[in-house]
Amino acid sequence: MSLLIHLTYFSRSPLVHPKIFVISYLTPLSVLARFTKNAAFCFFFLSSVHSNLRQLSSSSMAHSQVAYLIPLKADLKEEDSSPRITLSEGPNIIGRGNVSIADKRLSRKHISITVSSSGSVSLSVEGTNPVVIRCSGDGERKKVKPREEVLVSNDDLIELIPGHHFFKLVLLPAENRGSHERAAKKARKDDAHDDDVEAIRRFVPPNEKLPSTFRLLSVNGLPDWANTSCVSINDVIEGDVVAAILSNYMVDVDWLMSACPKLANISQVMVIHGEGDGRQEYIQRKKPANWSLHKPRLPISFGTHHSKAIFLVYPRGVRVVVHTANLIHVDWNNKSQGLWMQDFPWKDDDNKDPPKCCGFEGDLIDYLNVLKWPEFTASLPGRGNVKINAAFFKKFDYSNATVRLIASVPGYHTGLNLKKWGHMKLRSILQECIFDREFRRSPLVYQFSSLGSLDEKWLAEFRDSLSCGITEDKTPLGPGDPLIIWPTVEDVRCSLEGYAAGNAIPSPLKNVEKPFLRKYWAKWKADHSARSRAMPHIKTFTRYSDQKLA
């Protein structure tokens, strides 16, 4: 499985203005929802991907996994429908976000399991409820209270809530851990100069955890179960960040500093925005001294900078986040929003055979070059003063990226640049992807948050791009019939924000009521995630057959 991310730098045209379009096999069709204003990002999960990318991901995981938790049924037989939880050497936090269990008794940080290189395992309870350990030898059950720590052994059973949610600890054989131990020893040696620095522990999610790289944002006022595995801005901007780049359209500096105080302590923060002159002057006055502002140049008279992304530089790597929310309170609290993120390590300077530039790296560097922010200097542990510009991001190893990045930039593109940006770039990537035969001529879903002045010719062109792909026998999938998901007036009136939610779902009536669009309209509905009343600012595009996503 792979994920394509479309990151739209600007939006200019009379088009559907995508921002982030996300599709995973955990995302039912009714949540294919999230809208925005002018453009930004888009994700596509593809169930069939390039085999070499799949092999890369699985081989890298073989080196990092040292143990795993197997979910069990109440009769202690293995639960086939739930994925195993991979454990790496060192501390592993297990909580609501790691298990496919909707139980408000589970804390976000419920337990911590620390696995040493020798194979010893300790468990500490981080949440507010006790945990039970059932010894594999004599079957004795021991209750572990909050803030207590105990040793656990191979094949011991863990009850996350006493009598509920059973998992069995399984350690990999020592010989299978050897390669990871050697890598860990090298990492410890490399980090000896700064032992107290928090590290990014897992740079690549295992295959069974791949969907967790895409998350919905938490919504205020929903029941606890509806926010299980969802994230807030503090779940994203976390750890020992030494430099940050925040790209967005709207920036409320007062809310941002109160919602994420960490930003005041990061030595260098670059904010790339699309605000007007008045707002820019206000941000300039109110921003902390460690912030720099940059508004990208518009080479044409249409559009605005609308890309929503976060780049966080750590002593041991970089976190890349593509999301759908403006940096304002209502976007992070009251709307249906989503994000994708993945962490990447530094390239090994001592490696005589460094990783070649992969598709994701090329995608990212091409886009960052267009932004042309004024380079700044950051002091990085063990690396000294480093200039932060587009070329700086070539220093990270993206070979295990689980996605492709598709950027849109303003202007008129011809020649080789025609397939470098926007939906034509998406078309070129999908043409190389193989899908199951059931998706031949299957329907398409477009879900977004602003609607431009579309005409049938462009909509057909867009449909042709999203319809690309082939089956195993090289047969093209062929065009699918599109559905456009859009809230009704009644949806907005009854939403969490009332009519005010309509500000983030803009389109003139003359655009919405074009006769040729009538056959495409489909209603926004997300009862299964309790988000029918949380108006969509998320963007999702997919192809489906029955209940399966392409």
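1. E375 is partly exposed, with a relative accessible area of 43%. This value, like those below, comes from a predicted model. The side chain of E375 meets that of K387 in a salt bridge, at 3.7 Å from N to O. The two residues sit in distant parts of the chain, twelve residues apart. K387 is in strand β23, residues 384-388. E375 is in the loop between α7 and β22, the latter being residues 376-380. K387 counts as exposed, at 51% relative accessibility. The limit for exposed is over 50%, so K387 at 51% falls in that class.

2. A second pair involves helix α7. K347 and E361 form a salt bridge through their side chains, with an N to O distance of 3.4 Å. K347 lies in the loop between β21 (338-345) and α7 (359-371), whereas E361 is in helix α7 itself, so the bridge ties together parts that are 14 residues apart in sequence. Are the two partners buried or exposed? K347 counts as buried, at 18% relative accessibility. Buried means under 20%, so the value of 18% puts K347 in that class. E361 also counts as buried, with 5%.

3. K525 is partly exposed, at 44% relative accessibility. D527 is partly exposed too, at 47%.

4. How many salt bridges does the whole structure hold? A search finds 19. Some charged residues are joined in a network. R134, R141 and E159 are linked by salt bridges in this way.

5. R383 lies over the face of W346, and the distance to the ring centre is 3.7 Å.

6. Now the cysteines. How many disulfides are there? The count is zero. C260 is buried, at 0% relative accessibility. C135 is partly exposed, with a relative accessible area of 31%.

7. Helix α9 spans residues 456-466. Which of its residues are buried? They are W458, L459, F462, S465 and L466. These residues cover an arc of only 115° around the axis, which puts them on the same side of α9. An α-helix has 3.6 residues a turn, so residues three or four places apart point the same way.

8. The start of α9 has a contact from D455. A side-chain oxygen of D455 comes to within 3.2 Å of the backbone nitrogen of K457.

9. Across the whole structure, the search for aromatic pairs finds 18. One of the pairs is F448 with W486. Their rings are tilted, with 55° between the planes and 5.8 Å from centre to centre. This pair links distant parts of the chain, 38 residues apart. F448 is in the loop between β25 (444-447) and α9. W486 is in strand β26, residues 482-486. F448 counts as buried, at 0% relative accessibility. W486 is buried as well, with a relative accessible area of 10%.

10. W486 has another ring partner, W521. The ring centres of W486 and W521 are 6.1 Å apart and the planes meet at 55°, so this pair is tilted. W486 belongs to strand β26 and W521 to strand β27 (residues 521-523), so the contact ties together parts that are 35 residues apart in sequence. W521 is partly exposed, at 26%.

11. These rings belong to one aromatic cluster. Its members are Y446, F448, W458, F462, W486, W521 and F541. Helix α9 takes part, as W458 and F462 are among its buried residues and are also in the cluster.

12. Last, a polar contact. T540 is in strand β28, residues 540-545. The side chains of T540 and Q447 are joined by a polar contact of 2.6 Å. Is T540 buried or exposed? T540 counts as buried, at 1% relative accessibility.

Definitions and conventions: Residues numbered from 1 in each chain as written. Predicted model: local features only at pLDDT ≥ 70, side-chain atom pairs only at ≥ 80, totals over all residues. Heavy atoms only, no water. Disulfide = S-S within 2.5 Å. Buried < 20%, exposed > 50% of the residue type's maximum accessible area, 1.4 Å probe, protein only. Salt bridge = Lys/Arg side-chain N within 4 Å of Asp/Glu carboxyl O. Helix = DSSP H or I, 4+ residues; strand = E, 2+ residues; numbered from the N terminus. Arc of directions from axis to C-beta. Polar contact = N/O pair within 3.5 Å; in protein donor to acceptor, adjacent residues only side chain to side chain. Phe/Tyr/Trp six-rings, centres within 6.5 Å; stacked < 30°, edge-to-face > 60°. Lys NZ or Arg CZ within 6 Å of the ring centre and 35° of its normal.
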